[in-house]
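Me: I'd like to go through this protein with you, one question at a time. Can you keep it simple and show me how you get to each answer?

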Amino acid sequence: MSESNTNNGDHTNLADKLKQPFHELKDKLNNTHLHDVKVRLDHKKHQIGKFGNLFNPQHRHDEAHEKACDDKRNKIAEEHRFQSYFPERDGNIIKWYVDGRDYFWAVSVALEKAKETIYIEDWWLSPELFLRRPPHFNQEWRLDAILKRRAEAGVKIFVIVYREVEAALTCNSEHTKHALQSLCPKGSPGYGNIKVMRHPDHNVLENAADMTFYWAHHEKFIVIDYEMAFIGGLDMCFGRWDNHQHALSDVHPEGVANEVWPGQDFNNNRVMDFKNVQDWKQNELSKAEYGRMPWHDVAMGVIGPCVYDIAEHFVLRWNFIKRDKYKRDERFDWMMLRGREGEDEDLVGVQRPKHPVGDYVLHPLTPLEGKNLNNRGTVHAQIVRSSSDWSSGILRDHTIQNAYIEVIRNAQHYVYIENQFFITATGDQQSPVHNKIGGAIVDACVAAGKAGRKFRVIIIIPAVPGFAGDLRDDAAIGTRAIMDYQYKSICRGEHSIFERIRAQGVDPTNHIFVFNLRSYDRLNKTPSIREQEEKSGVKYQEVQRAQAEEIMSSGIHGSTDVEGERDKHMGKAEEQKESKETTQSAQAKQRFEEAKQNGEKPKSAYTVAHHAMAGTGKVSDEPWEGEPEEEVHNWIQEELYVHAKLLIVDDRIVICGSSNLNDRSQEGHHDSELSIVMEDTEKIQSTMDGQPFEAGKHAATLRRYLWREHLGLLPPQDHDASGDPNAQPPGEDSLNDIWDRDESYKFVEDPMSDALWEQWTTNATTNTETFRHLFHADPDDHVKTFNDYNIFLPPKGVQAGHIFDRFLPADDIRNKLNQIKGHLVWMPLDYLKDASMAETGLQVNTWTESVYT
């Protein structure tokens, strides 16, 4: 050893000896009151220091270790298709679900089998949602009841929900948190097994620099035991459960226990948005007067390697919220992820502060090798997302948009889109709209048009965004603003999709086709119900409230969770009126039921919406209990709300998830989203434009199923889905029933066939004209100005959605309704084309316009 080294060693030993007393003092102070004070002061220093972030918007990305992590993520993404952080994965089983009945039933089965962990991420979660119907006969399948059972069985349940801006939205995540956290009180078997995070934080004192009021967490997915996931457009919340016939009516003379949509689950956003959802038995809509808004949606069930990627996104989000909002909250632990440990734990947002609060828990709780994720099925898939600094603590990720653009631009035969919105740009000239999906549509159509190739883009969106209000009113200017952006995206103005195609010498009307969905029904408010109301002195609306009280009583009056936090509407404990209200509701319901004629069975059905579907006969043959003119007043229609976020291209590729087709969902730094890109390696022999074609089984069977639902070629669905393979979780022994047992499957095989297109457009035209003649359904091509509105619609104050001409003979109405098949109608592209739809003002201006796009 050299002398210099010896001297250096002596110097080190001396330094250690000098430090020793201080190390010993530090050890002695550890876990003492003085140490606790020091830690609290340190936490307070960092809390106060967060105000400095007001002047440093890059505060999560400016330190060396943060830059290194960002660089690591970027390098990973550069190696993947669409620049996604997540890789392409072979070997997935992926099952599609169409509409809420099938999806929620499958979720109920899967949740009930959970053994280890459940992750849930939703925009809105209703603890009182019934996953099986009718609710009165399926009370054990209420979401909170299932989660309570699993928590008591030792399953760890982690929930992330969007914390809404209360002045703008009514989804009341506070009630969600309290209701779920009250399920397993201290001393119960499941105590501590349910954890709920809400984000973003709106506490100025805690998070002034990082608050966001415009953007939302919009993901909708579930991960169970790291073995199965569900992803798509369906939140587990009120208003989403529906089946293929999409009934509007829920009036039951035979007994209110047969109701399908209790309390605020019966909703019509166009008439009145959800109100007082924390007191969710209260429904301001009377079922005897109004129909509900039906709901169409699509989701996926996943088994295979992509489950890990969905789980990783959840872990990242959990740790980011822990850091952003709950860093000094011992109720919430950090999640470590197997496969992202050690130097890679920063990829999922794990931090190691000097004084950590909460434990570091490794997920999954048992080794990944036991999850059986590899080589499970035939679907090649990849996770893509919209995420950014405010939502996940990462640099901007807009790989959903990247995927849409690339897949659409490469389409050869057709592009099929179902989405809640359609707002997009064709270039850089349509600010404030920036996503370029519209440009990809233009490129695909122009290439096909110049090559003389048959090519269609078929778009299905809602007729009107799902916000309450008469479209003529000033209060509806926000809704009209969204519609205005949609029309400018599609066909109005030189930069619209239509005009950019036309400018290149191609006729857009040969390629672009836009549709809505619409449903009709009959309110079953019979003379016997009116007689019961008169005899009992109880309105049917009071009875429907009493029924909600009976089957949802455990949470009606609010929840006090394990931390002692309470729903705001509850007031003080001594002010509770639960017993009195429950008694009054039960007594009212009893009086109503006692007024019923003994042994009398209703002659008319609670819904006739199934007659739009296959094999159901004529609606004109339906019996009606009452005078014909009374039936005239009970016919109703409503738009069938399209909430799916779906893209299918060329019977080969599917993209499905939570992402709308607008800037909010596609730009990455606005709403947070998660979607999955799928292509089945299992091919089926098919036909495309009359020629033999190898189609991907997953894409082709989903497209054929959806088109037959919209055409009315599928049968209606029963409430009981226990025997339906399409309502079971995914698995090798639980594949989709593609419904190939009749000729309709072959009829829709070729998406480009002339016969299919003739029926598609004929159905849409006939349905559109029938809804126009009978109901003056809004919106409509005949309404080009606001003055036209005054002629087309009934006077203000008259209930919309009912028969326009109350003097029409009852038989004429029935015969016209016989013509409606399925739910397709044309989107009115001339609607208000000669009017200014959204005048600039206090609600819509340069500061707020991005909210609507």
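Me: Of the contacts in the protein chain with a separation of 6 or more, what percentage comes from residues 24 or more positions apart?

Reply: Keep in mind that this is a predicted model. A contact here means heavy atoms within 4.5 Å. Among contacts in the protein chain with a separation of 6 or more, the share that joins residues 24 or more positions apart is 80%.

Me: How many helices and strands does the protein chain have, and what percentage of its residues count as buried?

Reply: The protein chain has 24 helices and 23 strands. A residue counts as buried when its relative accessible area is under 20%. Of the 853 residues, the part that passes this test is 60%.

Me: Is His 802 buried or exposed?

Reply: First, where to look: His 802 sits in the loop between helix H22 (786-792) and helix H23 (810-817). Its relative accessibility is 7%. Buried means under 20%, so with 7% His 802 counts as buried.

Me: Which residues have a backbone oxygen that lies 3.4 Å or 3.1 Å from a polar atom of the side chain of His 802?

Reply: His 802 touches several residues beyond four places away in sequence, including Leu 523, Trp 635 and Phe 775. For the backbone oxygens, the 3.4 Å distance to a polar atom of the His 802 side chain belongs to Glu 289. The 3.1 Å distance belongs to the backbone oxygen of His 633.

Me: How do the axes of helix H10 and helix H11 run, roughly parallel or roughly antiparallel?

Reply: The axes of H10 (residues 399-409) and H11 (residues 437-451) come within 8 Å and cross at roughly 10°. Among the residues making the contact are Tyr 404 and Ile 408 of H10, and Ala 440 and Ala 444 of H11. Angles under 35 degrees count as roughly parallel, so H10 and H11 are roughly parallel.

Me: How many disulfides are there?

Reply: Let's look at two cysteines on the way: Cys 184 is buried, with a relative accessible area of 4%, and Cys 445 is buried at 0%. A disulfide needs a pair of cysteine sulfur atoms within 2.5 Å. By this rule the number of disulfides is zero.

Me: How far apart in space are Glu 629 and Arg 806, C-alpha to C-alpha?

Reply: Glu 629 is in helix H17 (residues 628-634), and at 49% relative accessibility Glu 629 counts as partly exposed. In sequence, Glu 629 and Arg 806 are 177 residues apart. In space, their C-alpha to C-alpha distance is 8.2 Å.

Terms used. Residues are numbered from 1 along each chain as its sequence is written. This is a predicted model: local features need pLDDT of at least 70, side-chain atom pairs count only at pLDDT 80 or more; totals for chains, interfaces and linings use all residues. Side-chain values use heavy atoms; hydrogens and water are left out. Helices (H or I, at least four residues) and strands (E, at least two) are DSSP runs, numbered from the N terminus. Buried means under 20% relative accessible area, exposed over 50%, partly exposed in between (1.4 Å probe, protein chains only). A polar contact is a pair of N or O atoms within 3.5 Å; within protein, one must be able to donate a hydrogen and the other to accept it, and residues adjacent in sequence count only if both atoms are side-chain atoms. Axes are lines fitted to C-alpha atoms, for helices over the stretch in contact, and angles run from 0 to 180 degrees between N-to-C directions. Angles under 35 degrees count as roughly parallel, over 145 as roughly antiparallel, 65 to 115 as roughly perpendicular and the rest as oblique.
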